[in-house]
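This report sets out the architecture of one chain, with a few residues taken up individually. The structure is shown first.

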Amino acid sequence: MKIFEDNELLSPIYQKAIALTIGKEYVEREHNATSVIAKQNSEQQNRRRELLAVEEQANKNRLIEEHGKSHFKHQMMSKFFTRVNTQVNSAFDQKESLYTNLLQIEDAAPAIMEILAVKAASVKRISPLVTSLPWLADELIKLVNKPQYRKRADVQVSDANLALTYIGLENLKLVMPTFMLKHWLPTSTSPFGAMKRKLWNDSLTIALAAQTLAKFHKLDAFTAFSAAMFSNIGLLAVTRSYIQTYNDLHKEEVKKAFDNKDKRLHDVLVEFDLSPELMHQQLTTRSAAVSADLVELMRFDRLMITEPIFDLAYTNDLQTMTPIAQLIVKAKAYVMYRNLAGDEMISTEQAKTLLTSVQLTKAEIALLKKSDIDHIKLTFDHT
């Protein structure tokens, strides 16, 4: 997002917020790396003074041997991750492939969103589209069978059309974009176990915060919620693409080394990690633009979210953005602040800089603080 990336005061905060999505351990490791190296160097100097001449020579020999392995590993990692980066970059040039093959977005999904955006929306028009998406039909059936939403404890709904009727149009405006983004989440973010959950939680929280601000400013809540939710689709695509590319290439290289009986290379390859640093860079620099690319391919005519999402990707001036984009920037800034503050990773001064830079007013902050922006609340008519 240009508004954060192009500001020298906001960029470090934005970088840290993205890093926190990967994992708290990664943020702490990056922050402590320099001090740890300095400490290790100091400890090594102290140990050297204590070594006897013979021990010191033995230690030197060991270090020379280890340096050789370390140098070889560094060379192989550099070569391997250059290949990963090249392939990932190439994938982002193939927008249609990201849309169709990586996220597997079916035409029925944006079509449902288009119907919900118009006054003439009806369950009858949505029903055949939902039926064409078995995963969505299953989600809707599971939803209405939850204890808090069931009409009768002894009756289970098994038909998607009945589930749609029961849920109703107003609830569907929350449910549909939510289930769609959930479906497009990476299947796995291993070895970053908490990343999938964080991607999901942040997307939902930002969307609910944007919806809350939209109601406050008397703007269309469905447009704000949908635009905020879909503005995170790039994070999902970048994460999916990077992890999938790394895993595919790593398996290929390990197999090749095994087949060639190259034990030295094989032993080094199995020590590789996924390089959160490279994924962090891709997420920071690409996710907003990828969101814009993917939403553009959805070809919305009635749901007015394409321009706001392009503003988020390419505009660094809040005043020139559409009103919906301005709300989403505020929502993202507030959620960034809340996440970082929760892990004590933002100073009071940085928090003030972040929130004032996006012109979050005291009234808006108070509203967001007292609102539940972590859970979707549906109102079902049980009559």
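## Alanine 209

Alanine 209 sits in helix α11, residues 195-216; helices (H or I, at least four residues) and strands (E, at least two) are DSSP runs, numbered from the N terminus. Its contacts, leaving aside neighbours within four places in sequence, are Ala331, Leu368 and Ile373, where contact means heavy atoms within 4.5 Å.

## Basis of the model

The model is predicted: local features need pLDDT of at least 70, side-chain atom pairs count only at pLDDT 80 or more, and totals for chains, interfaces and linings use all residues. Residues are numbered from 1 along each chain as its sequence is written, and side-chain values use heavy atoms, with hydrogens and water left out.

## Overall fold and core

The chain holds 19 helices and zero strands. Of its 383 residues, 48% are buried. Among contacts between residues at least 6 apart in sequence, 75% join residues at least 24 apart.

The largest nonpolar core has 134 residues; such a core is a set of buried Ala, Val, Leu, Ile, Met, Phe, Trp, Tyr and Cys residues joined through side-chain atoms within 4.5 Å. Phe4, Val130, Leu140, Met176, Trp184 and Phe230 touch the most other members. Beyond four places in sequence, methionine 176 touches Ile112, Met113, Leu116, Ile126, Val130, Leu136, Leu140 and Leu164.

## The cavity

A search of the whole structure finds one cavity of 30 Å³ or more. On a 1 Å grid over the protein atoms alone, a cavity is a set of points where a 1.4 Å probe fits but cannot get out, and lining residues have an atom within 4 Å of a point. Grid points are joined across faces, edges and corners, and a volume is the space filled by probe spheres set on the points. The volume of the largest cavity is about 330 Å³.

Its lining consists of 23 residues, with Ile18, Ile206, Asn232, Leu235 and Lys332 nearest the centre. At least two lining residues come from each of α2 (11-22), α11, α15 (276-297), α16 (306-314) and α17 (323-342). By class, the lining divides into 14 nonpolar, six polar and three charged residues; Ala, Val, Leu, Ile, Met, Phe, Trp, Tyr, Cys and Pro count as nonpolar, Asp, Glu, Lys and Arg as charged, and the others, Gly among them, as polar.

## The loop between α10 and α11

Threonine 189 lies in the loop between α10 (169-184) and α11 and is buried at 3% relative accessibility. Its side chain reaches the backbone oxygen of phenylalanine 192 at 2.8 Å and the backbone nitrogen of lysine 196 at 3.2 Å. Leaving aside neighbours within four places in sequence, threonine 189 is in contact with Met195, Lys196, Thr239 and Ile243.

Proline 191 lies in this loop too. A cis peptide bond, with omega about 15 degrees, joins serine 190 to proline 191.

## Positive phi values

Glutamine 104, in the loop between α5 (95-102) and α6 (108-116), is not a glycine but has a positive phi near 55 degrees. Glutamine 104 is exposed, with a relative accessible area of 51%.

Lysine 261, also not a glycine, has a positive phi of about 55 degrees. Lysine 261 is placed in the loop between α13 (233-259) and α14 (263-269) and counts as exposed at 74% relative accessibility.

Notes
Buried means under 20% relative accessible area, exposed over 50%, partly exposed in between (1.4 Å probe, protein chains only). A polar contact is a pair of N or O atoms within 3.5 Å; within protein, one must be able to donate a hydrogen and the other to accept it, and residues adjacent in sequence count only if both atoms are side-chain atoms. On a 1 Å grid over the protein atoms alone, a cavity is a set of points where a 1.4 Å probe fits but cannot get out, and a pocket is an open set with protein on both sides within 12 Å along at least five of seven lines; lining residues have an atom within 4 Å of a point.
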